[in-house]
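Subject: Handing over the structure

Hi there,

Thanks for taking this one on. The structure is just below, and after it come my notes.

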Amino acid sequence: MNSDPGTWWRIGLLTLLLGAALETWERRLAAPVTPEAAAATASVEAWFETAGTWRPLLADGFWLQANLAWERRAETEVRWLTRLAVAAEPQTPYFRVNAARMLAYDFPSWRAAREPLAPEAVKQAWRQRAADEAIAFLLGASPEEISAELWVEAGGIALYGKGDPREAAALYQRAARMDGAPWTAGRICARLLLETGQHAAALAWLEEWLPRLPADDPEAGRDWVVDRIAELKGLRARTEPF
């Protein structure tokens with residue numbers, strides 16, 4: 001064990017800072033998101049800029065508190081504490097992705113459990129609003145921080161949380177155009193375009209995407225893309241205008 005007094009002093013200071021930050025924030029947890037609360041968020045985020053190498057530990061502390069709040073289904077606390085974790089460590093996708101999943105899936109599920117007699121249309125509206133909030137949260141990072149992983153996650157939330165395959169297709173397409181994106185993103189985009197009857201858009205996308213697919217990587221699915229292009233061109237030839 002490291003018994004350096006300086007190490008223990010820094011750990012103690014970090015604990016005090018984290019506790020003070022949480023105590024300050026918890027006084028605002030029960031309040032709605034107002035301009036004053038947004039300003040408070042900005043001030044806390046600015047404070048994180050001075051935290052230096054302590055930022056990962058602060059993020060972990062906020063995330064632990066968020067998980068404890070999640071176990072209590074305390075939505076307001078979960079929302080703010082996950083945002084604090086992301087603000088402390090914005091370049092770590094784990095916090096942003098999992099916070100978005102809580103927003104998109106857990107919150108409307110909890111509300112439906114609290115209000116079981118609500119009409120299905122109302123519950124669907126809750127799910128759609130939650131999904132919109134989650135997508136905005138995922139894509140609210142700085143442009144350089146929005147990775148292919150975040151676009152893919154947004155596509156999944158649009159599809160499974162919101163039930164909007166057209167929006168999902170656009171988000172998966174955005175992911176597939178980025179370096180390092182999983183090959184599945186492009187295929188999911190194509191399938192969604194086909195399933196929603198957007199045959200011309202599917203053909204245009206597959207023809208755009210094909211040159212990027214290596215022939216020697218089975219996971220790229222180049223043969224599948226070639227076959228779909230041939231099918232769509234045959235369909236167009238039989239049903240002109242396309």
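Here is what I found, going from the whole chain down to single residues.

First, some housekeeping. This is a predicted model, in which local features need pLDDT of at least 70 and side-chain atom pairs count only at pLDDT 80 or more, while totals for chains, interfaces and linings use all residues. Residues are numbered from 1 along each chain as its sequence is written, and side-chain values use heavy atoms, with hydrogens and water left out.

**The chain as a whole**

The protein chain has 11 helices and 0 strands, and its pattern along the sequence reads α-α-α-α-α-α-α-α-α-α-α. Helices (H or I, at least four residues) and strands (E, at least two) are DSSP runs, numbered from the N terminus. Of the 242 residues, 40% are buried; buried means under 20% relative accessible area, exposed over 50%, and partly exposed in between (1.4 Å probe, protein chains only). Among contacts (heavy atoms within 4.5 Å) with a separation of 6 or more, 58% are between residues 24 or more positions apart.

**H4 against H5**

Helix H4 (residues 75-88) and helix H5 (residues 93-114) pack at an angle of about 175°, and their axes are 10 Å apart. Axes are lines fitted to C-alpha atoms, for helices over the stretch in contact, and angles run from 0 to 180 degrees between N-to-C directions. H4 and H5 are therefore roughly antiparallel; angles under 35 degrees count as roughly parallel, over 145 as roughly antiparallel, 65 to 115 as roughly perpendicular and the rest as oblique. On the H4 side the contact includes Val-78, Thr-82 and Val-86, and on the H5 side it includes Arg-96, Ala-99 and Met-102. The residues of this contact divide into 9 nonpolar, 1 polar and 6 charged. For these classes, Ala, Val, Leu, Ile, Met, Phe, Trp, Tyr, Cys and Pro count as nonpolar, Asp, Glu, Lys and Arg as charged, and the others, Gly among them, as polar.

Thr-82 is worth a look here. This residue is in helix H4 and is buried, with a relative accessible area of 4%. A polar atom of the Thr-82 side chain lies 2.7 Å from the backbone oxygen of Val-78. Not counting residues up to four places away in sequence, Thr-82 touches Trp-63, Ala-66, Ala-99 and Met-102.

Is Arg-96 buried or exposed? At 8% relative accessibility, Arg-96 counts as buried. Its side chain reaches the backbone oxygen of Phe-137 at 2.9 Å. Leaving aside neighbours within four places in sequence, the contacts of Arg-96 include Val-86, Pro-90, Phe-137, Glu-145 and Leu-150.

**H5 against H7**

H5 also packs with H7, at an angle of about 10° and with the axes 11 Å apart. H5 and H7 are therefore roughly parallel to each other. Residues of H5 including Arg-96, Ala-100 and Tyr-105 meet residues of H7 including Leu-150, Ile-157 and Tyr-160. By class, this contact has 8 nonpolar, 2 polar and 4 charged residues. Tyr-160 is exposed, with a relative accessible area of 65%. Tyr-160 and Tyr-105 are 55 residues apart in sequence, yet 9.1 Å apart in space, C-alpha to C-alpha.

Helix H8 (residues 165-176) has 12 residues and reaches 16 Å from its first C-alpha to its last, close to the 16 Å expected at 1.5 Å a residue. The expected span of a helix is 1.5 Å times one less than its number of residues. Among the buried residues of H8 are Ala-168, Leu-171 and Tyr-172. What covers the buried residues of H8 includes helix H6 (120-138), helix H7 (148-161), helix H9 (183-195) and helix H10 (199-209). At the start of H8, a side-chain oxygen of Asp-164 comes to within 3.2 Å of the backbone nitrogen of Arg-166.

H9 has 13 residues and reaches 19 Å from first to last C-alpha, close to the 18 Å expected at 1.5 Å a residue. Its buried residues include Arg-187, Cys-189 and Leu-192. Just after H9, Gly-197 takes a positive phi of about 75°.

**One more backbone detail**

Arg-73 has a positive phi of about 55° although it is not a glycine. Arg-73 is found in the loop between helix H3 (55-71) and H4, and counts as partly exposed at 47% relative accessibility.

Enjoy exploring!

Best wishes

Conventions:
A polar contact is a pair of N or O atoms within 3.5 Å; within protein, one must be able to donate a hydrogen and the other to accept it, and residues adjacent in sequence count only if both atoms are side-chain atoms.
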